[in-house]
Structures are given as structure tokens and as C-alpha cells.
Amino acid sequence: MARKTDIPPSYYGEPRKFDPGFRGPIHNRGCTDVVCCVVFVIFILGYIALGTVAWIHGDPRKVVYPTDSHGQFCGQQGTPNANKAILFYFNILQCANPAVLINLQCPTTQLCVSKCPDRFATYLDMQYNYRYNNSYWEYYRQFCKPGFDNPRKSVAQVLRDEDCPSMIVPSRPFLQRCFPDFITRNGTLTVANKTVFKDGLGKTRSVIDLRDAANGITSLLDAKEVGMKIFEDYANSWYWILIGLVITMVVSLAFILLLRFTAGVLLWLIIFGVIAVVGYGIWHCYWEFSTLRGKPHGDGDVTISDIGFQTDFRVYLQLSQTWLIFMISLSVIEAVIIVILIFLRRRVRIAIALLKEGSRAIGYIMSTLFYPIITFVLLAICIAYWAVTAVFLASSGDAVYKVMSTQDKCVYANLTCDPETFSQTNVTKVCPGSQCTFAFYGGESLYHRYIFVLQLCNLLVFLWLVNFTIALGQCTLAGAFASYYWALRKPQDIPSCPLFSSFSRAVRYHTGSLAFGSLILAIVQMFRIVLEYLDHKLKGAHNAFARFLICCLKCCFWCLEHFIKFMNRNAYIMIAIYGKNFCTSAKDAFFLLMRNVVRVAVLDKVTDFLLFLGKVLISGSVGVLAFFFFTRKIPVIQEEVPSLNYYWVPLLTVIFGSYLIAHGFFNVYAMCVDTLFLCFCEDLERNDGSPLKPFYMSPQLHRILRREQGSKLYAAS
């Protein structure tokens, strides 16, 4: 009589029946999800059209070059500003912060100049000194509007017409813009060794006013200097960085190939290491607990409820109750780990055998280790096309001019204007000192009104293409490794060029299915990006419910994205094997996994354990070697070490690059193990090991399976 907790096989779908004609990945297959394939091709053509339209209307110079108050590019060849690549602000004190400056929204005249001022001066001082020395005017005029040559014009008229700046301050270029040359001396902020200066009206001002007007520029300038030193370090050490990354590739390859011999040892070492660490934690908690309890008048008898909530966590470490809670928690964790190992030890052995089999499969199909290079190239093309299209879209449009006024209550402020007819309007009379200056690039046409929508379309198709590229790689690798598993005699029955054959099948027959799965994932990722944007906008809001709702939605979509990634991965494996459409393959994969849910959980965690260990070991080992090399602690090759400003620059590059390379190699290995696992589950349901229905699994897996089945029969009897 079946127990109530037993789940009938039909609940998760019926196991597959034996098919005598099945010999691994089906070669005679038809196209799947044709409609989605057609839609995918149409979207790609539309994406190309979008890029073409953006290229026609956009102008990257609007992003690269700064623009003066008349909408002219600074430093553009073939224009009067060809030799004037730096933007100069007439009155930087009117600018509130550096973000305003960079966005060209500062309410002051902006002029292209060939160099920044290197001294303090005012227009009043220039007029006074001009009577005795003409050189004062020759220097000052280069910061005035082109064509202005009347140094005797009254100051009031010059400031009214914005012919010249009322003052200039020592500056240096940053982001092709002139910013005050701040220098800190003995803790005091100075500009050209001065702490005070005179503005254009003769009033004494503090350098602090300049700092407030250009807040944050000092750190940015320091960052530029650090950036130059980092660039020098890369130029001097790139050769050794490349050698370190090549060493990582060799070590990663050797690690994967050696897993067939060391997977079991490594895994059991990890398991017993975790048990030992948790056991030590229990002993340490008991020692702390007993020590605090033994104090005659200490804090041992004080409870957590007595002291309440404390921001300093160290206060709780002085309580015996805290260590008692830690000890109980670790004891529960230790007991759970031991119980799981006792009941799942055979599942762990199967997982280890599959890991070894994955290493053996990669050894027979070595070309799979280099497929990530193809994925990387395709992803680089997608990212480059998306970035270029986004820049061209952002730079589409004509110059838009707006009224900029220094008066807060000007009714014309921020209204669009025409610089050619601005002087004929009454704006300057109503708002004295206002001017018509360049604001940004835009337009009122249908195309310009939908720039934001086109940017969203650009992002969506980009996500679709990126996910499709990854899906193509997963399906290709799955087909190659499935060819290995379903070869009855290994390696004699493995088809020739399995990787190329699998890639050809995926592109020829299953582009629609891969596009379907990647589209679902892209839509979910698009929703996540929108939620992140809304969360960023609501950070300053006081609506707690809205923030809570956004947080819940972000969590739900994060879980949904990871679930879809898991299902897509297994659906692509089934597509590579059977050649069915996406929905059928996803359903079959889901039911197959549910019928083997314990094995799935064990294999997933075991694989994560080993791959994480491998990545840490490889990147850490290469990082340690790089540390000893770049710090000249290897006597044999001390003379070969390049001179560096910061030794951590190449060191971090080697560590990060090593981790990425190991991640690329181990992703292939993880795909191999997942594919072999699904094939293993299919093999168990299709075959029984008899001469008519032989298992396709390796002898090692077969021996472990026989022991597991023998144990079940013994328990049943």
C-alpha cells in the first residue's frame, strides 16, 4: 500500500519509454519555433535600421567636444575653433556645482580658448595697466569674444554685453574645461599661492568661494593624476600581465583535466573541512560561554533583553547568552550537515562520478574549451553596437538655446530663444544681464520626441541579443557533450567534429527556440532595469510604502530571472538532444528534473563547491605569484620587474583577469556536467542495463548505480 506522501510518477510526467532507434542527439530534425525566428530576424533588421537612422541624425562630436554659448564645437577641425579645444567660463562664481558645468547649464557666457588663464586679473586692472603697457590687453583679450578690440569700453557696458569676463583666475584644463587650479598647502586651500582675490567689481573674495562654485573638482583633478600613473603602470607591465593570464589559462586547463582523478578527494576534503570548521566554532563558543559564566561579577548573567538594542555589536560579545545562541546555532548546522551526508552519501558519490565524467568528456572534446572565445567576440560586437547606437541617439538633434539669467525671479528663465533675434526682444530689459545661450541638443520633430523610446528599444534588443548569444553557446556545448554521452563505445563512437556539428544544428534548426527563450529572459531583465531606475528615483522620497513595494518587486523579479535562467539552460540541453521546440523542451526538462530533484540539488551544490574552489585556487595562486613578482621578492628575476608607481595596478589586473579566465573555462565544465546529468537521468528512464537496452553511462557511474539499486532492493526486502 502506497504511503500518502508518495508522489505518483505521472505527477511530474511519465518516464520515457525505450526507443531502440535513439542514439543520442537527433540529426534528422526540423526547424523549431519558426514564428519566433522570423520575429527575431525582423527585430535584427529593425535594429540595424535604428542604428542607421541614429547614425544619420546623431553627431558624436556633441559628446566628445565641449560646446560654447553659440553651439560651436571647441577644437573641431575646419572651424575657427580648431586651435581652441578648451571651454572657458566668463564667471565661474555663477556656477553652483561641477555637474552644472559639465552639462553646460552654467548661467554665464562660455567661450572656446586655446589655453586657460594662469594668473589673477580683472577687467578694471587691465584697463588701468593698459595705459602703460599694451601687453596686459594682449593677454586679456584672448579670453574675450572674438572680434572685440575696444579695451577702453566702460566696464558697465562690457559686462552688460558680455564682451569680456569681469575677472580671470588661474586655471587648468579638466574634461576640456577650465577649472580653478586648486592646491592645498599645509592644510590651506590656495589658488596660485593666494587665499583671497578680487572679483570683477573690486570686491575681495575668498578662494573658498571658488571651491564652492566648483565643488568636487579637486578630487577629480587628483583622480586624473592617479589615472595617468595607472596608465604608465599598464604601459610598463602589460607584457608581464599577459604572461600571468597565459599561466592562468594553462593552470585552468590542467585543473579541469585533473578533476577526473581529484574530484572525489577535493570534494570530501571540502566537506570534512566544513565539518571541522563548524566543530571548531562550536568549541570556541562553548569556551567563551563557560569563561563568561565563570566570572564572579561579570556580564555573564546579563541577558540580551536586559541591554536592549545596541549599535555597537561588540557589546553583545560580552554576554554569555550571545555565545550560547551561537553555539546552539552552529550545533544545529553541524547536525544538519552530518544527517544530510548520511542519507545522501550515495547521491554525493554519483555527483562525484559525474564530475569526473565531465572532465573525461572535455578531455575528448578539447575544442569546447575555446568556444568561450567565440561567445566573447559576439558579446563584444553586441556591446559595441549598442554603445555606439546609444551615443548617436543621445547626440541626435539640433542646438537648443535657452534664456539664462542670474536673477531668480526672471519670468523668461529657461525658455527657448533664438540667438540671432534675442537682442531685438525685451528679455534683456525685463531681466537685465540675461542672455541666450546654448543649452543642449534636441528638437520638436517626431523622431526627437521619441528619442527616449528608441533608447529603450535599443536596450531591449541589446539584452535580447546578449541572451541569444549566451543561449547559442549553451546549446552548442550541450549538443557536443551529449554526443559524447550517447556514444556507446567511448571514444570510438564519438562523431567527428562534435562541436561544429552541434553549432550548425543550433543555428540551422533552433534559432527560433533560442530566440524565444532569450526574449523571455530579456523582458524580465528589462523590468528589473526599470525597477532599479524607479528605486533610484524614489531614494529621496518619503513614501515608505512605495519604497517597500519597489523592494518587493525587485526581489520577485530577481528570483524570476534566476529561475528562468535555470530553466532556459536545461531547455537548451533538451533542444540540443531531441530537437524539439522551446516550450516542449522546457516542459520535458522541468519534469525530468522534478523526478530527480534530490540528485539535482546535490549535484548543483557539489558542482558549485568544486568550481568555486577552483576559481579561488587558480586566481589566488596566480595572484600570490604576481604579488611576489611585482614586489621584487623573487631574487632570481628581480632585475626583470618593471618600475611601477603602484604595484597593485598590475596585481589586481592579473587577479581579476585570472578569475574571469577561470570563470570562462569552468562555465564550459559546468555546462558539461549539467548536460551529462540530464543525459544520465534520461539513460536511467530509457534503459535498464540489459543487452537489449544497455546503459550509455560510463562503467564508473554504472558501478555506483548498481550499488545504489542493490541497497534499495536490500532495504525493500
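## Overall make-up

The protein chain of this predicted model contains 22 helices and 12 strands, and 42% of its 717 residues are buried. When contacts with a separation of 6 or more are considered, residues 24 or more positions apart account for 72% of them.

The accessible surface of the protein chain comes to about 38,500 Å², and carbon and sulfur atoms hold 65% of that area.

## The largest pocket

The largest pocket has a volume of about 1,800 Å³ and a lining of 49 residues, with Arg-569, His-663, Gly-664, Asn-667 and Val-668 lying nearest its centre. Two or more lining residues come from each of the helices α12 (371–394), α15 (451–485), α17 (511–537), α18 (544–578), α20 (597–630) and α21 (648–686). Of these elements, α21 gives the largest share of the lining, 13 residues.

By residue class, the lining of the largest pocket divides into 29 nonpolar, 14 polar and 6 charged residues.

## Disulfides

A disulfide is a covalent bond between the sulfur atoms of two cysteines. With a cut-off of 2.5 Å between the sulfur atoms, the count for this model comes to 3 disulfides. One of them joins Cys-74 to Cys-112, with an S to S distance of 1.9 Å, and this disulfide is left-handed because the torsion about its S-S bond is about -75°. The pair links distant parts of the chain, 38 residues apart, since Cys-74 lies in the loop between α2 (61–64) and β1 (86–89) while Cys-112 lies in strand β2 (residues 110–113). Cys-74 counts as buried at 0% relative accessibility, and Cys-112 likewise counts as buried, at 4%.

Another disulfide joins Cys-116 to Cys-178, with an S to S distance of 2.1 Å, and with -95° about the S-S bond this link is left-handed. Here too the pair links distant parts of the chain, with Cys-116 in the loop between β2 and β3 (121–122) and Cys-178 in strand β6 (residues 177–180), 62 residues apart. Cys-116 is buried, with a relative accessible area of 9%, and Cys-178 counts as buried at 3% relative accessibility.

The sulfur atoms of Cys-144 and Cys-164 are 1.9 Å apart and form a disulfide, which is right-handed because the torsion about its S-S bond is about 115°. Cys-144 sits in the loop between α5 (135–140) and α6 (155–161), and Cys-164 sits in the loop between α6 and β4 (167–168), so that the pair links distant parts of the chain, 20 residues apart. Cys-144 is buried, with a relative accessible area of 3%, and Cys-164 counts as buried at 2% relative accessibility.

## Trp-287

Trp-287 lies in helix α8 (residues 217–294) and is partly exposed, with a relative accessible area of 43%. Although Trp-287 and Met-327 are 40 residues apart in sequence, their C-alpha atoms are 9.9 Å apart in space.

Conventions:
Residues numbered from 1 in each chain as written. Predicted model: local features only at pLDDT ≥ 70, side-chain atom pairs only at ≥ 80, totals over all residues. Heavy atoms only, no water. Helix = DSSP H or I, 4+ residues; strand = E, 2+ residues; numbered from the N terminus. Buried < 20%, exposed > 50% of the residue type's maximum accessible area, 1.4 Å probe, protein only. Contact = heavy atoms within 4.5 Å. Areas by Shrake-Rupley, 256 points an atom, 1.4 Å probe, with all protein chains shown as cover. 1 Å grid on protein atoms, 1.4 Å probe; cavity = no way out; pocket = protein on both sides within 12 Å on 5 of 7 lines; lining within 4 Å. Points joined across faces, edges and corners; volume = space filled by probe spheres on them. Nonpolar A, V, L, I, M, F, W, Y, C, P; charged D, E, K, R; others polar.
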